[in-house]
Each structure stands twice: as structure tokens, then as C-alpha cells.
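Here is a report on one protein model. It covers a helix, a sheet and several salt bridges.

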Amino acid sequence: VGLSSRSSASAAGGGNFASSATQTFLYVDPDDASATKPPIPRPLDDDNDKSKKDDAKTPQQEPSDEETMQTMPDVSLDMTDTTTAADEDRYLKMINSEYRLKTFLGENTKSGADLPLSILLGRTLDTMEDVVNIIRRKPYDYGWVQQDELEKYAHKTVVVLGSGWASHALIKAADTYSINVIVVSPVNHFVFTPMLASAAVGSVEYRSMTEAVRASNPMVQYIEGRATDVDVEGKKIKVELNQLLTDTEDKPGTKKPDPIEIDYDALVVAIGTRVKKSNVPGAATHCYYLKTCDDARRLRTGVGECLEMASRPDVAYNPPLSKTTPKELEPTAKQEERRRRLRFCIVGGGPTGVELAGELSDFFKDICHPRKGTYPKLKDDIEIMLVHGGSSLVPNFDESLRGH
């Protein structure tokens, strides 16, 4: 199944084990009868009911895992060269969620009856256990009970790398009365990423979409730094601490903080991914990204500067400020320059790109409102472009939602 990801040590505290880009593609062509590969599971229809009955008459032994791996073709494909947009959409549908997997396998998506009872029971017990752990922690949260530090370090130590979704979910419900949890990440807060587009235009403030790691679970220990090396046999991890304003190299007599080592009994790597900048030449130098709060701040500042650039006297509707001002540009040329300064291009038609396009549209309608808006004269000059390489926007959503 086509997967493309880039793990990054800088994303959320990773190390040497995630320092390079990786692309792995398993391409299965059901129409290629000459290739030796395991069949793709697919829903049964009227056309293949007959083949199903024939197979029932002559049962065949299922191949073992080793035989399957031996017959699996060893292919590594570059999405930019061989994989079409339709293939990408199909891969996303296959791996998007449990609902998509059931649809692909032809199972009933509206019922949990096809799930084993052990899975349903396990999920229920897991949820109940998480609730109990959070309730037990309330006295400590309110300061009614103080945790014994010596008793804390007597427990097994679990080191968590990263402060994203997986890490946040883990430390939020971890039983910190039974284990000692240490979180290592260069980012000291969790970001609710679906709100990044709103934060980029000011609809949502940053404090409404973030939660500090220490606030997620006051009983965990947080270290602001990056993991640079892991000794698996010795169960040690080396951490490079972040440079702060008080210990920068710019000041005389100061140096970079010395790395520290942390012993662990269990290691959870949840460093996440980062934006792949190599697909589009110049993207790393000239583009904004939207993955962190800092990205949203930079984008918010950039949008404001574009509006001010389009309001400067050299291209504005206003007359010259003085008699010594050079002759104005022709109105058509001025309008073209304003539109050039107010053309916003969003690359990527996934949920983030589509959401940002909608937030920018609403934002510009608000600020360009006649008499009430702050930039009413720029109403006809703003243009928002959404560039997407797939056959449809948000391909991992349902067709009805994609059409909407």
C-alpha cells in the first residue's frame, strides 16, 4: 500500500534513527496475471460468486507467512514517477481508517458484530481504565496529595519521545502511580492541528488550541530537548537540551548545554513526521508551512504584510502624497501589481489545505466588507488558488463530503 512519510528527529525529539527520508511503496496490480503475488482482498459480487463456488469444490491450502513473503515482489516505486493520482486516492481509501478497511473487505461498516468479542471487550476495558487513572490523579492535580519522589523513581521508567497526538494520548491516561513517565521533546506543548488554519487568520488564538505537556499530566517529568542517540542494549538515551535565551552562544562565556543521558525501561518513539520539502523546487526557501504554532504565526504575519504591501502608495487607489511624487502608474498596471501582491497559492488539497482556503476566504470577506472592513478597496484584487495533484480534493473523505 503506497505510503510516503518522512520521520524527523527535529519534529518531536527523535534521533539518528530517523534522520533520513524514507519512501516505501508496495504496489499490487490485480490486472497483472503474470506477476506472482498474493491476491488483494476485495468484496465479492455476482460475477465472482461462481469462482467462489468452484474454489469451494477444490479447496487450496492457504500460504504461510514465509511463503507469502517469498512470493511478494520486491518493488520500491517513486510516487512522483510511477504512481498516478488515482492510485494515491485508492491507497488513501485503503488505509485511512477502520471504516475504509471494512469497506475494502466488503464487511458491514454500520455494525460492530463482525468484530471479535475480545476486541470489543478489550476496548471497553481500556476506556474504563483510562477514566480510572484520570480520576485517581485528581487529588494530585488539586494539590491535596503530594507524590513521594523516592517512590516515583522506584517504579519502572517509560521515556516518551515527542509531544504530538500519540504522545499526548499516552501521557494523558498513563498510570503514573505505577510507572515513572519522562517526556522528551523540543516542543513543550501539544497542538490541536485541525485548528491551525483558523489560528493562521486569527479566528482562534493559540492558547485555545494548545496544551502544555506538564498540564496534560502534572505527574510526568518533561525535558525540553531532542533525542540524538539510543543505546538499545544498555537502555540509555542521549538528549541534547534546547538552547534558551539564558545560555545562547552569542553571549561571552556561555556554551551549548552538555547532552544528558537518561536510563529507561521502556521507550516510546512518537516523533511524528515533518513536511517533505524536496518534492517542489524552491519550497524550502520561499513557502510557508502549516504544521506547528510557529508556522501559523509566520503565516499570519505574512498575510498581514501582503495586505499592507497592496495598500502602499505606489499601487494604491489614493492620489500621490505630494507634488514631488513620480508620475503614477497607469490604473491597469497598478491593479495588476496589487493583484500580484494579493495572490495566495495553497499547495495540497488535503484537509489542511482545504480548511486554510476556506478560512482565508472568510477572513478576506470580513476585512474587505464595505465601510466595516479594514481593507474595503482590496475586495476585487484578492485571489486564492488551491493546487492539488490528485483527482479530487480531500481524497480520504467520503464522496459526498468531497463533492460538498
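What covers the buried residues of helix H8 includes H6, strand E3 (156-161), strand E4 (179-185), strand E5 (189-191), strand E6 (210-212) and helix H10 (213-216). Helices (H or I, at least four residues) and strands (E, at least two) are DSSP runs, numbered from the N terminus. The model is predicted: local features need pLDDT of at least 70, side-chain atom pairs count only at pLDDT 80 or more, and totals for chains, interfaces and linings use all residues. Residues are numbered from 1 along each chain as its sequence is written, and side-chain values use heavy atoms, with hydrogens and water left out.

H8 spans residues 165-173. Its buried residues are Ser 167, His 168, Ile 171 and Ala 173. Buried means under 20% relative accessible area, exposed over 50%, and partly exposed in between (1.4 Å probe, protein chains only). An α-helix has 3.6 residues a turn, so residues three or four places apart point the same way.

## The sheet

Six strands make up an open sheet, ordered E9-E8-E7-E4-E3-E10, with mixed pairing. Strand E9 (260-263) and strand E10 (266-269) are the edges; each has a single partner strand, so one side of each is left without a neighbour in the sheet. On average, neighbouring strands of this sheet are turned by 40° against each other, direction ignored. H8 packs on the sheet and touches E3, E4 and E10. The direction of H8 makes about 155° with that of E4. Axes are lines fitted to C-alpha atoms, for helices over the stretch in contact, and angles run from 0 to 180 degrees between N-to-C directions. Contact means heavy atoms within 4.5 Å.

Strand E8 (residues 236-241) pairs with E9 in the antiparallel sense, over four bridges. Two strands pair if DSSP finds at least two bridges between them. Lys 236 stands opposite Asp 263 in E9.

## Salt bridges

How many salt bridges does the structure hold? It holds twelve. Each is a side-chain nitrogen of Lys or Arg within 4 Å of a carboxyl oxygen of Asp or Glu. Three of them are listed here.

| Salt bridge | Closest N to O |
|---|---|
| Arg 136 and Asp 175 | 3.4 Å |
| Arg 341 and Asp 314 | 3.0 Å |

Arg 136 in helix H6 and Asp 175 in the loop between H8 and E4 link distant parts of the chain, 39 residues apart. Arg 136 is partly exposed at 38% relative accessibility. Asp 175 is also partly exposed, at 22%.

Glu 211 in strand E6 and Lys 172 in helix H8 also link distant parts of the chain, 39 residues apart. Glu 211 counts as partly exposed at 24% relative accessibility. Lys 172 is partly exposed, with a relative accessible area of 27%.

Arg 341 lies in helix H13 (residues 331-341), and Asp 314 in the loop between helix H12 (293-309) and H13. The two are 27 residues apart. Is Arg 341 buried or exposed? At 14% relative accessibility, Arg 341 counts as buried. Asp 314 is partly exposed, at 40%. Salt bridges link Asp 314, Glu 337, Arg 340 and Arg 341 in a network.
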